[in-house]
Amino acid sequence: VQLQASGGGSVQAGGSLRLSCAASGRTSSSNVMGWFRQAPGKEREFVSFITWTGSATYYADSVKGRFTISTDDARNTVYLQMSSLKPEDTAVYYCATAPYINTRPSLYNYWGQGTLVTVSS
């Protein structure tokens, strides 16, 4: 499985961005797509996941109500719509796949290269 994340950039607080993650070579080991983020000096943290069917989604409390995850199964692409962005959302965002739903980075088996999101106050 190969993942290509894109869509990062610099925005002011309160702004919006949409991240994309294009997947190729999907298998049964990639039933779930997750987004994680890592700020400088911090550990990688879970943001959201979704099943390719869209039947299950989950968000970290820190982004609930502001971020929306979705899939386009025909395009093999997962999106993360981020709204009401805050400076604390600044991080490198990674997409990853897992065989089943979970929030632990260690259980995600394939990772994209990351895309930087910078939110200024």
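Predicted model: local features only at pLDDT ≥ 70, side-chain atom pairs only at ≥ 80, totals over all residues.
**Elements.** The chain is built from 11 strands and has 0 helices.

**The four-stranded sheet.** An open sheet is made of 4 strands, arranged β1-β3-β8-β7 with antiparallel pairing. At its edges stand β1 (2-6) and β7 (67-72); each has a single partner strand, so one side of each lacks a neighbour in the sheet. From one strand to the next, the twist averages 15°. In general, strands of a sheet pair through backbone hydrogen bonds, parallel or antiparallel.

Which residue of β3 is the bridge partner of leucine 3? It is alanine 23.

**Overall dimensions.** A compact globule of 121 residues would have a radius of gyration near 14 Å, and the 13 Å of this chain agrees with that. Along the principal axes, the C-alpha atoms fill a box of roughly 40 × 30 × 25 Å. Some whole-chain values are collected here.

| Property of the chain | Value |
|---|---|
| Residues that count as buried | 43% of 121 residues |
| Accessible surface | about 6000 Å² |
| Accessible surface belonging to carbon and sulfur atoms | 47% |

As for contacts with a separation of 6 or more, 56% come from residues 24 or more positions apart.

Definitions and conventions
Residues numbered from 1 in each chain as written. Heavy atoms only, no water. Pairing = 2+ DSSP bridges. Helix = DSSP H or I, 4+ residues; strand = E, 2+ residues; numbered from the N terminus. Axes fitted to C-alpha atoms, helices over the stretch in contact; angles between N-to-C directions. Rg over C-alpha atoms; globule rule 2.2 N^0.38 Å. Buried < 20%, exposed > 50% of the residue type's maximum accessible area, 1.4 Å probe, protein only. Contact = heavy atoms within 4.5 Å. Areas by Shrake-Rupley, 256 points an atom, 1.4 Å probe, with all protein chains shown as cover.
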